[in-house]
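Please look at the sequence and the model below before reading on.

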Amino acid sequence: MMMKQNVQETLSNLTSFYNQDELLIEILENYTRIFPIRDAFLYRYSSIGYLAEGIIGISHSKVVHIRSERDDVRLLPVFNAVIGERKAKYFTGIEFLKLMTSKHIFSSEVNSSIIVPLCAGPVVVGFIISYSFDDDTTFDQELLSSLTLFGRLSGNILGNLGESKKIDRLSRRELEVMQHISWGESSSEMADVMGISESTVNQYVKSALTKLDVNNRTQAVAELLRKGVIS
């Protein structure tokens, strides 16, 4: 219980980070500080293409870049198990070797690993992988549960950072158009109020929808209202 409380308190202080690289390093540094784990390697994951791509890691207190590492997780049963359950899992000895295939992103010398999924809501967006631990570490249910919590909170932070970046890309005019839409105005009404053509209004709308990665005006306004960007 104390470990889970520590996880929550630690990660609650990371929500003010807006530089992604700094945030990732901070997440990994806190991960190795909270848990009896000596290294941590963060991979991005997308269900489109099923790719796990290396981003950054910490080993022996040094930051290392692992951007050259990528693999199709469909060829790695060890990842499929973690994705399916969305829980931290520890693999060791014969169990680990049976789960691995001839093609994997681990060193051939590795015979145990802890894999923690990073979940933004129900979606797995990445993993933290470690294979060096403090002596006599036992990955019991309490420790695995705390690691799972860390992955969920971290995943949500990274997911929110991505959403903030989408909003930051909107221009002043695009935000203005979204505000008018939230007030129920049509394109022609916005054109009159803003002193621009209706086609220009529609172009601002189209551009905003693309930047926010949504399908229509309603979804765009809902997203901006949820974030408190418009009122």
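Helices (H or I, at least four residues) and strands (E, at least two) are DSSP runs, numbered from the N terminus. This is a predicted model, in which local features need pLDDT of at least 70 and side-chain atom pairs count only at pLDDT 80 or more, while totals for chains, interfaces and linings use all residues. Residues are numbered from 1 along each chain as its sequence is written, and side-chain values use heavy atoms, with hydrogens and water left out.

His 180 lies in helix H6, which covers residues 172-182. With a relative accessibility of 7%, His 180 counts as buried (buried means under 20% relative accessible area, exposed over 50% and partly exposed in between, with a 1.4 Å probe and protein chains only). Apart from neighbours within four places in sequence, His 180 is in contact with Glu 185, Met 190, Val 193 and Met 194, where contact means heavy atoms within 4.5 Å.

H6 also packs against helix H8 (residues 198-212), at an angle of about 100 degrees and with the axes 9 Å apart. Axes are lines fitted to C-alpha atoms, for helices over the stretch in contact, and angles run from 0 to 180 degrees between N-to-C directions. H6 and H8 are therefore roughly perpendicular to each other (65 to 115 degrees; under 35 counts as roughly parallel, over 145 as roughly antiparallel, and the rest as oblique). On the H6 side the contact is made by Arg 173, Glu 174, Val 177, Met 178 and Ile 181, and on the H8 side by Val 201, Tyr 204, Val 205, Ser 207, Ala 208 and Lys 211. By class, these are 7 nonpolar, 1 polar and 3 charged residues. Here Ala, Val, Leu, Ile, Met, Phe, Trp, Tyr, Cys and Pro count as nonpolar, Asp, Glu, Lys and Arg as charged, and the others, Gly among them, as polar.

Another helix pair is H1 (residues 2-12) and H2 (residues 20-34), which pack at an angle of about 160 degrees with their axes 11 Å apart. H1 and H2 are therefore roughly antiparallel to each other. From H1, Met 3, Asn 6, Val 7 and Thr 10 meet Asn 30, Arg 33 and Ile 34 of H2. This contact of H1 with H2 divides into 3 nonpolar, 3 polar and 1 charged residues.

Next come the cores. A nonpolar core is a set of buried Ala, Val, Leu, Ile, Met, Phe, Trp, Tyr and Cys residues joined through side-chain atoms within 4.5 Å. The largest has 30 residues, and those with the most contacts inside it are Tyr 31, Phe 35, Ile 114, Ile 128, Leu 147 and Phe 150. Two or more residues each come from H1, H2, strands S1 (39-46), S2 (51-59) and S6 (112-120), and helix H5 (141-168). H5 gives the most to this core, with 7 residues. A second, separate core of 19 residues includes Leu 76, Phe 91, Val 110 and Ile 115.

Two loop residues remain. Most residues other than glycine have a negative phi. His 60, in the loop between S2 and strand S3 (62-65), has a positive phi, near 55 degrees. His 60 is exposed, with a relative accessible area of 70%. Asp 136, in the loop between strand S7 (123-130) and H5, has a positive phi of about 65 degrees. Asp 136 is also exposed, at 78% relative accessible area.
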